[in-house]
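Visitor: I am new to this structure and would like a close look at a single part of it. Please take one residue, then show me what lies around it and beyond.

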Amino acid sequence: MITQDDLRAAVGAGLLTEAQAASLLTLATDRQTGRARAQGLDEPFELFRGFNEVFIVVGLGILGGGWIGIWQLAIFASGDFRTTTLMAGGLTALVLALLSEYFVRRRRMVAPALALTIGWAVNAVVFWLTLMDAYSVLGGVEWAGSVIPAGLTTLTIGAFWARYRVPFAMALMAVGAFAFLILALGTVAGDVRGWQDLFLLSASGPFAWGTLLFGIVLFAIAMWFDMSDPHRLSLRSANGFWLHVAAAPAIVNTLALTLIDDGSPVALAILAVVLCALALIAVIIDRRSFLISAVGYIVALVALVTEGEGTPSLVLLLGAGLVGLGAGWQWVRARLLRPVPQLIRNGLPPSA
């Protein structure tokens, strides 16, 4: 095994440049970390690789605050809100792209990549909404006004992912596509009094079924990424991770709202069965992110619909269930995988 001393000697002998030695060391570290994760049988998750990344994110945040402040002054001074905002959006996209070239493509930093992806997405939303003159559409003006900006924003985030391959961009693309679908279906459904009614399976029109199908398709894409990298050593697995985070609420939203709206003991029992089914799926595919996203969304949904009544007891039960399942995750998973066909198990992470 080549050590850091060997790399230093190679640099000193002129066999490698310092940049090549640093790249080789980074590659070796990433591969070693991947092996450790596979042996540890744990779901990979990484927000930053060192405090230097946190330091850079703080710097990016301060830089962004100053940049926004300067453009706000420019917008007020110009008197032409739309033109100046569009100019600011274009230059901001250029700056974000240049920063991403260095911190993402060259340095392969995780936390700055997340920060720059969020900045890119927010800038895209503001730019396209300004360009299409669509303001406060969800407040009740009309649905159709923001369909095109939502689609263009999703495509813009997709272009960022295609260039920089930041897995978190997958989640933002999924959110953008979901917003586009909701607005498009809302345009077909027309004006409604309550937004919650749109997600009920008992409602007329394709809205609820369309959003449910979207969540299932998103889950299928996430599984395609997962099964192409069962040992979770590459960015394909990270793409799957973030798609699972987005897919779970999309699936749960329609089912949970329909059952909660019914309110009968039978409906609540069905909701409990749905939760158990999601837990079984999450354990089999070894994706805690899918389960925690679904459970968190259900808690928020119950608190919103019931205005807080009964939420503490639900949180207590779900918390106890998650702690118990987390403690015995691998033990439960090993037994659930036994009846799964070998062909499918070959595409899933190995069990203990």
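Guide: Thr92 counts as buried, because its relative accessibility is 15% and buried means under 20% relative accessible area, with exposed over 50% and partly exposed in between (1.4 Å probe, protein chains only). This is a predicted model, in which local features need pLDDT of at least 70 and side-chain atom pairs count only at pLDDT 80 or more, while totals for chains, interfaces and linings use all residues. Residues are numbered from 1 along each chain as its sequence is written, and side-chain values use heavy atoms, with hydrogens and water left out.

Thr92 sits in helix α4, which covers residues 81–106; helices (H or I, at least four residues) and strands (E, at least two) are DSSP runs, numbered from the N terminus. A polar atom of the Thr92 side chain lies 2.6 Å from the backbone oxygen of Ala88. Leaving aside residues up to four places away in sequence, Thr92 touches Trp67 and Asn123, where contact means heavy atoms within 4.5 Å.

The protein around this residue has 15 helices and zero strands. Of its 352 residues, 40% are buried. Among contacts between residues at least 6 apart in sequence, 67% join residues at least 24 apart.

Another helix to look at is α10, residues 235–262. From its first C-alpha to its last, α10 reaches 42 Å over 28 residues, close to the 40 Å expected at 1.5 Å a residue; the expected span is 1.5 Å times one less than the number of residues. Helix α10 has a kink of about 35° centred on Asn253, the bend being the angle between axes fitted to the seven residues ending there and the seven starting there. In α10, 21 of the 28 residues are buried, so this helix is largely enclosed by the rest of the structure. Just after α10 comes Gly263, with a positive phi of about 75°.

Val217 belongs to helix α9, residues 207–227. With 41% relative accessibility, Val217 counts as partly exposed.

An α-helix has 3.6 residues a turn, so residues three or four places apart point the same way.

Terms used:
Polar contact = N/O pair within 3.5 Å; in protein donor to acceptor, adjacent residues only side chain to side chain.
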